[in-house]
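I opened my notebook to look up a few things in this structure, one topic at a time. Come along and check each entry against the picture.

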Amino acid sequence: MMTRQEKTKKLNTLPWQALIELAKENKIPEEEIKGLGKDNLIQQIISCVDLEDERIESLVNDYIYGDRVTFTLWSFENSLSDKDYSKILALEGNTEEYLDTKDFRNLKILSVKQYNDRFELLYTYSKIYSFTNEEGKNDSVWELHRGCVWIGIEKSYIASISKHDKMTNCLLRYLYQNLRNNISPIKPPKTAIERCIQIMYMSRITLQRVDGAKTTISKSDGFTMDQEEEIARIKEGRFDTSGSYRAEIKDKTTATIKYNIKKGSIGIYRHLSANDLFYWTNNTINIILDEIEHLKSKSAEIIYSELGLPLKWNILHNGSDSCLNWFLSQVISAQNNDVQIVIPNSIIGILSDTRLFIKIPRIYCEECESYDIPICAECGEPLLCENGSFTCSCGAPLHIMCGEGHKKCKQINWYIPTGRFISEIQRNYKLAFQGQQASINMCIMEDTLLLQCKKIEVDTEIEVDFDSIKEFQYPQSKDLMKCQSFAVRLNEKCSKSCTNKEINNCIQNNNQVCLPKLFWGLISGYRPQPHSGYEYGDVSGQLQVGNTYLEFKGIIKKNSLHKKNSNKTTEELISQHLLSTSREGEEMIRQFVEQGLSDCRCQVIAVIVPQYFDLGFKGTLRFLARLGSKKVLFIGLDEISKMISMNDNIALS
């Protein structure tokens, strides 16, 4: 049983209003407590009320979060699975004595409760306080604190209620160690902050220019109308980074609310009960997530202003930011949708900038009413598309006809974003929507932007499965792991010259191997040939899928990390995925359109590289194949290893 001194100490942790409510609850006359200070009020309660220890502990726990609470919202990189939920429930009772900071220790997960829409983790930890004792010596004491984390089930989020930012980071690292799922902060839009609280007045605001220069304006009792007009003027060309409000939290309960855009945090400076705090938290989470979704329908300039973030591009320096912002706006608004929109005239001019777009000319036959293979009207040979222009080896003035001999053809330019432009879009997107990556498949047909931003499952009408092809169903006779290590170091040709003589030597020597040779002996009628700009693909032939025969051409590239004088290990060559934003990936996409989509002779375009394909790269090529009415076949590291294993014309060195 607690002593009077222990009761006094415990009750002293409660806010004054909670003590008043306790006195009223126990029917202490108002005249006996009116005008009393906190210490005298506590003594009056102890004297008049027989408080049980359990009731005091319950009150202390209800107000344990203190008078300065920080709320932050976070997101997992990947959605949680049932297996992850089981891991979260298993955390109850776990203790981490030592944390990766000297300021905190003894993290203990008190309880894990599962509700319909979230998990609630209550935890305690110790924080060190250093001071000078009565003897004038440095001393320290460890104090117990409590924190709370909610993990969303229906919506993906982590909400943290804590007194200490550094401890929140420790707890998030602890969650990462157990779930192996990257965690990033969610920045609340300014509109969300204003909706979360009933603003009485603003007392402080910090504005920042894009170059980093800051201006802080403060007035403890709120700004006058003239001052607010001055702030509006100063805000031109600047964005909010932090501020402070006097606001109503719930039922006329007021508090000072501070927000920090950079940290994505909202601070509540008022000693609230856990019930009030959790009520506010639940409401705030829903508001922030709703506002973020609502923001996506607005222009990029408005979105980044609302989030208090700089919107800048590291790719152009000629005042074209508004054009780039337009494309970013379309990407943001198109997430989980397909978009087809005519590009405004003010934007069209930027398509010619080679830093942003790859121009790919297509031929449209007005008589056939379709895109067709461009044929030289002089010599009858297919035209080569190179660097955005058609050329012919015959050297005659360029006159184009379609495969049917129609000369009423017009050139329509397609544009595909460069890897550098896509990277810049992704950088800005991630800045605004932490933990998220935009799905971007983009193509411009003359003046029409086509965006595919929703995740598309594998479509058998578009993608041909390697294992379904009869020509690749030979018995495998070599170790696949050894084949992988061998494959990542293969080149696109055996020697610099790659003459007919070299090819004959290659065919006769099983120890001489290049990527095109993998198909010799497997594809009927195929024979490696000297490389030139006018051949029908790096490899070509006929494939049988079930009872269907398909004409294919293949585009071959070596592993993007396998370069001359490179000291990359085999493990590094195997682990690096081919990205659409890499130089090699971008070049393969260009050839996919220039050599594949423009050629009506082939039905299947195969992309061949001894490397794993990034999912974004695959998505881009599926998107382009659908636009060009072609099928795509991915022959990556695993498929090439199988071909090496089944091909008797290749010996592992």
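**Entry 1: aromatic pairs**

I began with the rings, and the search gave 16 aromatic pairs in the structure. The model I am reading is a predicted one. I reminded myself that a ring pair is described by the distance of the centres and the angle of the planes.

I picked Phe-71 and Trp-280 to look at in detail. Their rings are edge-to-face, with 5.6 Å from centre to centre and 85° between the planes.

Next I turned to Phe-357 and Phe-421. This aromatic pair is edge-to-face too, at 5.5 Å centre to centre and 75° between the planes. Here as well distant parts of the chain are linked: Phe-357 is in strand β14 (residues 357–365), Phe-421 is in helix α14 (residues 419–432), and 64 residues separate them. I wrote down that Phe-357 is buried and that Phe-421 is buried.

Then I followed the ring pairs onward. They join Phe-357 and Phe-421 with Trp-313, Trp-326 and Phe-327 in a cluster.

**Entry 2: a charge over rings**

Which rings does Arg-118 lie over? I found Tyr-115, where Arg-118 is over the face at 4.9 Å from the ring centre. I also found Trp-150, where the charged end of Arg-118 is 3.9 Å from the centre of the ring.

**Entry 3: cysteines**

I looked for disulfides next. A disulfide is a covalent bond between the sulfur atoms of two cysteines. How many does the whole structure hold? The search found 0 disulfides.

Cys-170 counts as buried because its relative accessibility is 4%.

Cys-394 is in no disulfide either, though the sulfur of Cys-392, the nearest one from a cysteine, is 3.5 Å away. The cut-off I needed here is 2.5 Å between the sulfur atoms. Is Cys-394 buried or partly exposed? With a relative accessibility of 38%, Cys-394 counts as partly exposed.

**Entry 4: an open sheet**

I moved on to a sheet. Its 4 strands follow the order β23-β24-β25-β26, the sheet is open, and the pairing is mixed. Which strands stand at the edges? They are β23 (539–545) and β26 (631–635); each has a single partner strand, so one side of each is left without a neighbour in the sheet. From one strand to the next, I read an average twist of 30°.

I then went through some of the pairings. Strands β23 and β24 (residues 548–556) run antiparallel and are joined by 7 bridges. Within this pairing, Gly-541 has Phe-552 in β24 as its bridge partner. Helix α19 (residues 615–627) packs on the sheet and touches β25 (604–608) and β26, with its direction at about 155° to that of β26.

β25 and β26 pair in the parallel sense, over 5 bridges. There, Ala-606 has Leu-633 in β26 as its bridge partner. I also noted that β26 is mostly covered, as 4 of its 5 residues are buried.

**Entry 5: two residues up close**

Thr-448 is placed in strand β22 (residues 448–452), and at 16% relative accessibility Thr-448 counts as buried. Leaving aside neighbours within four places in sequence, I listed Gln-340, Ile-341, Val-342 and Cys-443 as contacts of Thr-448. Between Thr-448 and Asn-428 there are 20 residues in sequence and 23 Å in space, C-alpha to C-alpha.

Asn-441 is placed in strand β21 (residues 441–445). Why does Asn-441 count as buried? Its relative accessibility is 6%. Again leaving aside neighbours within four places in sequence, the contacts of Asn-441 include Leu-450, Leu-451, Gln-452 and Phe-623. Gly-616, Gly-619 and Thr-620 are also among the contacts of Asn-441. Last, I looked at Ile-523, 82 residues from Asn-441 along the chain: their C-alpha atoms are separated by 32 Å.

Methods
Residues are numbered from 1 along each chain as its sequence is written. This is a predicted model: local features need pLDDT of at least 70, side-chain atom pairs count only at pLDDT 80 or more; totals for chains, interfaces and linings use all residues. Side-chain values use heavy atoms; hydrogens and water are left out. Rings of Phe, Tyr and Trp (its six-membered ring) pair if their centres lie within 6.5 Å; planes under 30 degrees apart count as stacked, over 60 as edge-to-face and the rest as tilted. Helices (H or I, at least four residues) and strands (E, at least two) are DSSP runs, numbered from the N terminus. Buried means under 20% relative accessible area, exposed over 50%, partly exposed in between (1.4 Å probe, protein chains only). A charge sits over a ring if NZ of Lys or CZ of Arg is within 6 Å of the ring centre and within 35 degrees of the ring normal. Two strands pair if DSSP finds at least two bridges between them. Axes are lines fitted to C-alpha atoms, for helices over the stretch in contact, and angles run from 0 to 180 degrees between N-to-C directions. Contact means heavy atoms within 4.5 Å.
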